Amino acid sequence: MPMPSAVMWLDGLVSRSGGKRFNFIVALRAALGSALRPRTARRVARAIPRAGMRTPHVTLVGAGPGDPDLLTVAAARAISQAEVILYDHLVGAGVLALAQPGAELICVGKRSGKHSHSQEAINALIEAQARTGRRTVRLKGGDPMIFGRAGEEIEHLERVGISVSVIPGITAALGCASSAGLSLTKRGVSRAVTFVTAHARAGDATEPDWARLADPKGTLAIYMGREAARRVGCGLTAGGLSPDTPVLAVENGCRPDERHHRTTLGAMAERGVAAGDGPTLLLIGWALEERVLEDGAADAGDAFRAGGDVGQGLGHD
């Protein structure tokens, strides 16, 4: 049998008094009742939290290079549980398809020459969505910490008191190299890999240090390199890298419409690369040279040395 509460005991005491009113007992009962009711209400409120009362938080998620099968388990889980997702143009449809029904999908991406949102506007929008208390995911192509402006978004959110966690993703250089079956490093050939962005912020005329980057014993991964291909080729050859250095331009890496365009550094300096309008990564270095197979035939990299056309497209299965 449950123990009687203090209020129940006082009620019984009053009834046993034969209907006589003991003012001090009645007053004590009223005081106890008013003190206990708010505590009960607070316990109930804590047990049933409202969505709008969640502490604002944003999860930055790396969507990888395009293929949803290349997502980490943590990234797939975060996407499937999100109530609002703010995503970039480079995020593939297959990745977005993992979102739960009813999740709000907001495109905030930028494309070369077609910036739909300023970085300041994106920061403000992420903040506003997080303050609704919904589970908020900021979804970025590749790895959010490599050329994804994640640092600017993290700084803004932390400055306004919103916590952030990061789930890394496979960056484009690693995904494209694996998809092409090429190692970015090779014993005795390439001892380092350098990631460089060919895209500069508006008004920034600063050029990379091409002489420092022109290391014949390293591999360069040039992000967003299609439109800057001739400038990159001229800069690296002027910096001392051989015009014969192999170049692989990977368009739409790790997607069904991936295409490879093989050339040399000198040819790229003259004519650029004949890629389409999809996002294109440039891989430059001797580690990308063709392999000779056991039967004496060369692999598809033959175009490097055989003088194949710059725009030779090698469809990716």
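The chain folds into eleven helices and 13 strands, counted as DSSP runs from the N terminus (H or I, at least four residues, for helices; E, at least two, for strands). This is a predicted model, in which local features need pLDDT of at least 70 and side-chain atom pairs count only at pLDDT 80 or more, while totals for chains, interfaces and linings use all residues. Residues are numbered from 1 along each chain as its sequence is written, and side-chain values use heavy atoms, leaving out hydrogens and water.

Of the 317 residues, 40% are buried, that is, under 20% relative accessible area with a 1.4 Å probe, protein chains only. Among contacts (heavy atoms within 4.5 Å) with a separation of 6 or more, 70% link residues 24 or more positions apart.

Nonpolar side chains tend to be buried together in soluble globular proteins. Here, the largest nonpolar core has 20 residues; such a core is a set of buried Ala, Val, Leu, Ile, Met, Phe, Trp, Tyr and Cys residues joined through side-chain atoms within 4.5 Å. Ile222, Val232, Leu236, Met268 and Ile284 have the most contacts inside this core. Helix α9 (229-238) is one of the elements giving two or more residues to it, and α9 gives the most, with three. Leaving aside neighbours within four places in sequence, Ile284 touches residues including Val232, Leu236 and Met268. A second, separate core has 17 residues, among them Leu71 and Ile85.

Then there's helix α5, residues 119-130. Its buried residues include Ile122, Ile126 and Ala130. Seen down the axis, the buried residues of α5 fall within an arc of 165° (taken from the directions from the helix axis to the C-beta atoms), so they line one face of the helix.

Notes. Buried means under 20% relative accessible area, exposed over 50%, partly exposed in between (1.4 Å probe, protein chains only). The expected span of a helix is 1.5 Å times one less than its number of residues.
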